[in-house]
Amino acid sequence: MSLAELIKERNKGLNNVVIKIRTSNGEIKYESRNENILHIHQLELEEDFDYMNGTNMKITHIKHIPQLEKWDCGVTCVTMALRCCGRNETLESVKQKHIGTITWCIKLCYILQLYAIDYIYYSCTEDINPDYDADTFTLQQRVPDRDIFLQQLESVAIQFRDAHINNIPLIKGSLETIKLQEHLLNGNIAIVLINSLKLECLGCHRNRFDGNELVQHIIEGDLYRGHYILLNGYNDENDIIYYVNPGSEVEQCFTTIQVLNKSRKSYGTEENIILINVNQ
């Protein structure tokens, strides 16, 4: 069975997906769809080819931790990164340091700062993108009270504003692919925000979202669902990126660098990525 057939078969039971649509005249409406929206890539594994080996590659061991709630993928990635850096923390202890259920990369950086982790944060913006509609994010994050949601959003804006004062190593701009490849080949790791609807593992053919009702953005025909993963390796011979997905039961996933770049540079991600130096 081909990957396309596998995805089609898997999505037969996909529950309705709530999609926000911006019409040409600026109106906002929501639609409930039951479509095979997860079919993004036509990726095929070559038979009898070992994607887990190569002459110039590096995979840094990560103890896989599954996320427990829909919102805590980022905090889970931080927990796995901390353990890789020698900090024996639990997911519960790290979540106590995360205020609210709205996850932004800048909030993860402040947590890493508490543990004196050596990292660099890349983002194409140094503030909250005004194009992100608060009502959609309220639904997506399942925040019961809009006022609470807006308070959490304001705290994120303050963290961005005070980033340099608090010595957050924030670089405004896009991380070059070659720098990411070199970072991983040197035995380091990275937390990256992706559009999970554009990421497919070559090994397990899974992205996370195959069940519950989701809230999506649809901008310029492009669906978006934010998710955090932890990059832990690169195979220079075959352009393969290795990563750990907190939303999957599989301990080690991998895909092509081209697919990862489409996912991490998708609308909504602001190309947020945190490069973490393991060998401090």
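Among contacts in the chain (heavy atoms within 4.5 Å) between residues at least 6 apart in sequence, 73% join residues at least 24 apart. The model is a predicted one, in which local features need pLDDT of at least 70 and side-chain atom pairs count only at pLDDT 80 or more, whereas totals for chains, interfaces and linings use all residues. Residues are numbered from 1 along each chain as its sequence is written, and side-chain values use heavy atoms, with hydrogens and water left out.

The chain contains eight helices and 12 strands, taken as DSSP runs (helices H or I, at least four residues; strands E, at least two) and numbered from the N terminus. Of its 280 residues, 54% count as buried, that is, under 20% relative accessible area with a 1.4 Å probe and protein chains only.

In helix H7, which spans residues 177-185, the buried residues are Leu180, Gln181, His183 and Leu184. These residues lie on the same side of H7, because they cover an arc of only 160 degrees around the axis, the arc being that of the directions from the helix axis to the C-beta atoms. The buried residues of H7 pack against several elements, among them strand S6 (189-195), strand S9 (226-235) and helix H8 (257-264). H7 is followed by glycine 187, which has a positive phi, near 85 degrees.

Strand S9 also holds histidine 227, a buried residue with a relative accessible area of 2%. The side chain of histidine 227 is joined to that of asparagine 245 by a polar contact of 2.8 Å (a pair of N or O atoms within 3.5 Å; within protein, one must be able to donate a hydrogen and the other to accept it, and residues adjacent in sequence count only if both atoms are side-chain atoms).

Conventions: Buried means under 20% relative accessible area, exposed over 50%, partly exposed in between (1.4 Å probe, protein chains only).
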